[in-house]
Amino acid sequence: MEQVIHVENLRKSYGNNEALKDITFQVPKGQIFGLLGPSGSGKTTMIKTLTGELTKSSGQVGTQY
Ligand SMILES: Nc1ncnc2c1ncn2[C@@H]1O[C@H](COP(=O)(O)OP(=O)(O)O)[C@@H](O)[C@H]1O
Ligand SMILES: [Mg+2]
């Protein structure tokens, strides 16, 4: 199935704090995808990296809607 979100080996650090540590997942077109986790686990950082509001430290992110 067509993948509309691709995240591969994504890392994002704020100074010495590595908020995203080697994240890999894909979301197929039409799939309802939940991003769950406790406060401080990196949900907002993940979404803002996907939208381009934040730059990644390394790895790949891709979206095609
Ligand atoms: N602008 C920022 N500057 C420095 N550290 C940040 C910033 N935003 C988030 N962090 C840190 O990154 C980690 C993930 O935070 P965040 O993405 O906000 O998690 P969530 O949205 O899941 O609560 C936390 O350790 C948080 O303190
Ligand atoms: Mg948040």
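**Close-up views of a predicted model**

**Figure 1. Contribution of α1 to the shell around ligand 1.** In this predicted model, α1 supplies the largest share of the shell around ligand 1, namely 3 residues. Two or more shell residues come from each of the elements β2 (17-28) and α1 (43-51).

**Figure 2. Residues surrounding ligand 1.** The shell consists of Tyr-14, Asn-17, Ala-19, Gly-37, Ser-39, Gly-40, Ser-41, Gly-42, Lys-43, Thr-44 and Thr-45. By residue class, 8 members of the shell around ligand 1 are polar, 2 are nonpolar and 1 is charged. Lys-43 is the charged residue, because Lys belongs to the charged class.

**Figure 3. Backbone at Asn-9 in strand β1.** Asn-9 is located in strand β1, which spans residues 3-14. Although Asn-9 is not a glycine, its phi is positive, at about 50°. Asn-9 has 12 other C-beta atoms within 10 Å and is therefore exposed, the limit for this class being 12 or fewer.

**Figure 4. Backbone at Asp-22 in strand β2.** Strand β2 holds Asp-22, a residue that is not a glycine but has a positive phi of about 60°. Asp-22 counts as exposed because it has 11 C-beta neighbours inside 10 Å. Strand β2 is also among the elements that give two or more residues to the shell around ligand 1.

Definitions and conventions
Residues are numbered from 1 along each chain as its sequence is written. Chains are lettered from A and ligands numbered from 1 in the order in which they are written. This is a predicted model: local features need pLDDT of at least 70, side-chain atom pairs count only at pLDDT 80 or more; totals for chains, interfaces and linings use all residues. A residue is near a molecule or strand if its C-beta atom, placed from the backbone, lies within 6 Å of it. Helices (H or I, at least four residues) and strands (E, at least two) are DSSP runs, numbered from the N terminus. A residue is buried if 20 or more other C-beta atoms lie within 10 Å of its own, exposed if 12 or fewer, and partly exposed in between; C-beta atoms are placed from the backbone.
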